[in-house]
Each structure stands twice: as C-alpha cells, then as structure tokens.
Amino acid sequence: MASFLNVTSPPFFSSRATLSTSPPPNITAQLSQFKKGWCWKLKCMPSSGPSQETESEPPETAPSPSNSASLMSSSSVSTYNWCAGLGGVGFLETAYLTFLKLTNSDAFCPIGGGNCGDVLSSDYAVVFGVPLPLIGMISYGLVAALGLQLSGKKLPFGIDESNGRLLLLGCTTSMAAASGYFLYMLSTKFSGTSCSYCLLSAFLSFSLFFITLKDFGLEEIQKFLGLQLCIASLVIFSLNTSYATLRPASSSLANIDLEYFTTEITTPSSPFAISLARHLQSIGAKMYGAFWCSHCQEQKQIFGKEAAELLNYVECFPDGFRKGSKMIKACADAKLEGFPTWVINGQVLSGDQELSELAKVSEFKIEESNQPS
C-alpha cells in the first residue's frame, strides 16, 4: 500500500497544480478580448465631472413672501411721499389765492398778464358762496396730511391703512373730476384767457390721482371703479347746481370789445367851477367813471374843460372793455354800483351831480362873486 501511494500520488498532485496555474489557451484569448472591450467602453462613457459640478451649484431660490411684502411696502411709502409733497405745493398755491380772494387783491400772473385776476374775480370762483381757492386749500391740505400719516403708519381715529388708502383715492378722484370740469369751463366761458394758477392746480390734481391709482392693483381698481364714478358724478353735479344760479350775460355785452378812447370837453369852465374843482381836489374827493359812460362825459361837460382837468378822476377801465375785463383795484375797492360815482368825505353820490350839490356835500364856501349861475 505504501508503494502504491508513493507511485500514484505524484501524478495526481502534478496534474492538479497544472490546472490551477495555467488556463487553456482559448480561455486566455477570450479574457484578453473581454478586457480590451471593457476598457474601450469605459473610455467612451461620459465622465461624472459635469454632474458633480451641477450638483455643487446652489439652487435658485424664489423670493420669499417677506421680500415681496417689503418691496410693496417701500412702493407704497414712495406713493405717500409723493402725495404729501404735491399736496403741500397745492396747499401753498391755493392758500395764496384764498388770501387774494378774501382781501380782493390782484393776483400776480407770471403768464397771461391780468387774466388770472379776471378768472379769480369772476362768479365761477365761488361755489355755494364759498371761495373756490378755500375749497382747494382744504382738499390739498387733506391729501398732504393723509400722505404723511400713511407714510408714517400712524393714522388718527383708529383708521387702518386700507381705509386710509381708500380715503386718499376718494379725495384725489374728486379733485381730478373738479379740475376736469374747471378746465372745460375755462375753455368755454373764458375762451382766450390764460390762467397759470388754474393750469398748475389741474396738473397737481391729475398727478395726485394717477399716483394714487398706481398704488392700487388692477383687481382693486375694478373693485372700486363704481365708487370712483359715483364720487366724480357727485362733484360735477354739485358744481353744475352751484353755477346754474348764475345769471348769464347778455349776448350784446358778451361780444363787446372796446378800445380805450378819450372824449374832448368843449364847454368852457366858469370861475365857480374852477374854484370848486380845486376845492374837491384839495380834500381828496374822487370821481369814478368809465370812458364809455355817457353820464361821466356829461359830468365833465358841466365842469368845463379847465375845471375837469383839475378833478381827481379815476378811470375804471384804462385798458378798454371786453369780455372778461374787470375794473382796476381802486374801483373794485370802492364797491361801485354805477358810473359816475363821487366819493366825498366818505359820502357816496351816484350819478352825475349839479355843482351846487357837490359844493354842499364838500362844504365848499360859495362866495357871492363865484355863485353858480
């Protein structure tokens, strides 16, 4: 048994060792081709670099609700500041015009000459007995105050911001409607007249309206459109009602266009008329008249040529008379009711007067040699 094992064991172990270390030639060739093909596939596959870079980039983030609210808040604050600023400018302008209206003073017109005063002194400058500039001053002041309160988020009387914005929209809507109506009146009732203050006020009103409207979104505008139309209609109806009571001027007066002219005095003056004229001049007596007034010319003829030149005569229409003309300030302050008008020692005499009546009122001492004939 021992010899058998010794004889047969070497071949067995030798054959096993050969199989474990040296594969057959055909298998080796297949392995070689498989490795080459696998390497080629690896070289043709896209690298993973770009995907890693893409993953490393930070993702885009949508704006947060807090950022959007902040942008809307800053836009609203800018709108309120504009309203406060433009409202302040309008308040100053209308305050100046209110002062002129209440004191019956002439307005300084940088453009258009004296036309600003013509419009301001007309019947259309009063609404239900209230001066129109005063109404404008209150409106502009309210808009300026609302703009300041809304920008500071401090509204009085417990009003929240949404109601404050709605109140601001209502105010600017009414002002824009009124400005549009007044522009129409300016072009029809005062054709050919330029009023720089009227145009400035209209510009401010429309600017405030559109700035306020821009702060509302499209849905909000559609929601409050009916309310805006009601406010505008109420404003126009009120103005129409106020101006409907005005007495229209006759067509003959509306079409008058007279250039200033003088009338020569042909009658001679008596010594009494000259003495009376000098006396009236010394005490500051004034005669108010108009160049087209026939009774004014008759009064001068009574005095005569020499005496008439000594009178303190005030011409109320030195630039002529036409549509929209008004008396000069001195005549307006005297509150004349007709021509001629005498103001002697505070006493008012209307119409042409006899020399004896003027002498009596002025306390002129009539000498026997100078008695009127």
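F209 is buried, with a relative accessible area of 16%, where buried means under 20% relative accessible area, exposed over 50% and partly exposed in between, for a 1.4 Å probe and protein chains only. This is a predicted model, in which local features need pLDDT of at least 70 and side-chain atom pairs count only at pLDDT 80 or more, while totals for chains, interfaces and linings use all residues. Residues are numbered from 1 along each chain as its sequence is written, and side-chain values use heavy atoms, with hydrogens and water left out. The protein chain has 15 helices and eight strands; helices (H or I, at least four residues) and strands (E, at least two) are DSSP runs, numbered from the N terminus. Of its 373 residues, 32% count as buried.

**Helix α8 and its surroundings**

- Helix α8, residues 196–214, has 19 residues and spans 27 Å from its first C-alpha to its last, close to the expected 27 Å, the expected span being 1.5 Å times one less than the number of residues.
- The buried residues of α8 include Y197, L204, L208, F209 and T212.
- T172 belongs to helix α7 (residues 161–189) and counts as buried because its relative accessibility is 0%.
- Leaving aside neighbours within four places in sequence, T172 is in contact (heavy atoms within 4.5 Å) with V143, L208, F209 and T212.

**Aromatic rings and charges**

- The whole structure holds 15 aromatic pairs; rings of Phe, Tyr and Trp (its six-membered ring) pair if their centres lie within 6.5 Å, and planes under 30 degrees apart count as stacked, over 60 as edge-to-face and the rest as tilted.
- F209 and F210 form an edge-to-face pair, at 5.3 Å centre to centre and with 65 degrees between the planes; F210 counts as exposed, with 51% relative accessibility.
- The ring centres of W292 and F339 are 5.9 Å apart and their planes stand at 90 degrees, so this pair is edge-to-face.
- The pair links distant parts of the chain, 47 residues apart, with W292 in the loop between β4 (286–289) and α12 (294–303) and F339 in the loop between α14 (329–334) and β7 (341–344).
- W292 counts as partly exposed, at 38% relative accessibility.
- One aromatic cluster is formed by Y124, Y181, F182 and Y243.
- The charged end of R165 sits over the ring of F216, 4.2 Å from its centre, a charge sitting over a ring if NZ of Lys or CZ of Arg is within 6 Å of the ring centre and within 35 degrees of the ring normal.
- The charged end of K300 sits over the ring of Y313, 3.7 Å from its centre.

**The four-stranded sheet**

- An open sheet of four strands runs in the order β5-β4-β7-β8 with mixed pairing, two strands being paired if DSSP finds at least two bridges between them.
- β5 (313–315) and β8 stand at the edges with a single partner strand each, so one side of each is left without a neighbour in the sheet.
- Neighbouring strands of this sheet are turned by 20 degrees against each other on average, direction ignored; axes are lines fitted to C-alpha atoms, for helices over the stretch in contact, and angles run from 0 to 180 degrees between N-to-C directions.
- β4 and β7 run antiparallel and are joined by three bridges, with Y288 opposite T341 in β7.
- Helix α12 packs on the sheet, where it touches β4, β5 and β7, and its direction makes about 145 degrees with that of β4.
- β7 pairs with β8 (residues 347–350) in the antiparallel sense over four bridges, and I344 stands opposite Q347 in β8.

**Backbone features around β7**

- Most residues other than glycine have a negative phi, and most peptide bonds are trans.
- The peptide bond from F339 to P340 is cis, with omega near -10 degrees, and P340 lies in the loop between α14 and β7.
- K335, in the loop between α14 and β7, has a positive phi of about 55 degrees although it is not a glycine; K335 counts as exposed, at 69% relative accessibility.
- The hairpin of β7 and β8 has two residues between the strands, and in this hairpin N345 takes a positive phi near 55 degrees; N345 is exposed, with a relative accessible area of 53%.
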